[in-house]
Amino acid sequence: MIETSDVLMQEDLEYVANAAFVPWENLKNKSVLVTGATGLIGSQLVKALACRNRMYGDGIKIFAMVRNEEKARKVFSEIIDRDVVNLVFGDINGEYALPQGLNYVIHAASMTSSKDFVEKPVETIQTALFGTDRLLRKSSAMSLDGFLYMSSLEVYGVPEEGLVNIKESYSGYIDQLQVRSSYSEGKRMVECLCSAYASEYKVPVKVVRLTQTFGTGVAYNDGRVFAQFARAAIEGKDIVLKTKGETLRNYCYVADAITALLTVLVKGNVGEAYNVANEDTAINIADMAEFVCKNFSDGKSKVVFDIAEDATKLGYNPVMKACLDPSKLKKLGWNASYNLQDMFKRTIGSMKP
């Protein structure tokens, strides 16, 4: 029995299930709810927990909160009929009931499309703030062992010139009157809300700030930059950049991100945030485009610059040079295992039709 027909993803799930530094003993026979369970990270987290149960008999009771039953049955097609995951139907912006007796909640539901941040900024803010408030309020009535909020590197905004290595204590500049700030300001406010619930209602909230994360399971039509580059390599087409590609960041592979989430969920300090990134993957957008063309297109693709007059209208962030420092997370025993070459090789292998 397997958790997915995607061979590369199955390898990733088994890597997570075998990760010795993940505090599996604390999750044994516990119940875990994952919101945003059909998303890239949420879905593989659910499958990784199922994989752990199958391989080690840990008896983790898995609840996957989803909005669309048809999509959920497609995403979890290999495990849905094996009675290893329990679907919870509901939208975090609406009314729903949480399963009783939960031990852990991992909140991964969020607006994720840069285009939506510009075209649906109100919904982006409301989903972040009101949706999370409703989930925290429900959680406050339970005796949870841990609540994990999945935040983003975008809470750091635009760092000051010359500062590249970003620690959790840093706060960069965000122009709150820019519509594109709906996502980053929303994430900032929710982090504050998490801290408030931890203080006032003793909800054991921990926060992870993920850098841009990709790997197996990325949808072929995903609009994010890594997917656009991978798709161009698969199709042998040029990579067209609408900016100079100066934004610099480091990245994280999905399987590494999942082991980080589980580590912080159990071992992280309540009310604190942890950066999640592979410090060895720092690269700017233009160089990443060249990297993909050189290594994965069989010489068929090249980088073409077609600079947009106003890139913000396309949902792009201002130029940002920010690499997250994962030192705090590494002190919990976590380490990344997949470099940039691995990340694109496995992403492209999984994406290929």
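**Ring contacts and a helix crossing**

The charged end of Lys138 sits over the ring of Tyr96, 4.9 Å from the ring centre, a charge being placed over a ring if NZ of Lys or CZ of Arg is within 6 Å of the ring centre and within 35 degrees of the ring normal. Arg52 likewise lies over the face of Tyr56, at 4.0 Å from the ring centre. The model is predicted, so that local features need pLDDT of at least 70 and side-chain atom pairs count only at pLDDT 80 or more, whereas totals for chains, interfaces and linings use all residues. Residues are numbered from 1 along each chain as its sequence is written, and side-chain values use heavy atoms, with hydrogens and water left out.

Ten aromatic pairs were counted, where rings of Phe, Tyr and Trp (its six-membered ring) pair if their centres lie within 6.5 Å, and planes under 30 degrees apart count as stacked, over 60 as edge-to-face and the rest as tilted. Phe214 and Phe226 form a stacked pair, with 4.6 Å centre to centre and 10° between the planes; Phe214 belongs to strand 8 (residues 212-214) and Phe226 to helix 7 (residues 225-235), helices (H or I, at least four residues) and strands (E, at least two) being DSSP runs numbered from the N terminus. Both Phe214 and Phe226 are buried, that is, under 20% relative accessible area (1.4 Å probe, protein chains only), with exposed meaning over 50% and partly exposed in between. Phe214 also pairs edge-to-face with Tyr251, at 6.0 Å centre to centre and 75° between the planes, and Tyr251 lies in strand 10 (residues 248-253), 37 residues apart from Phe214.
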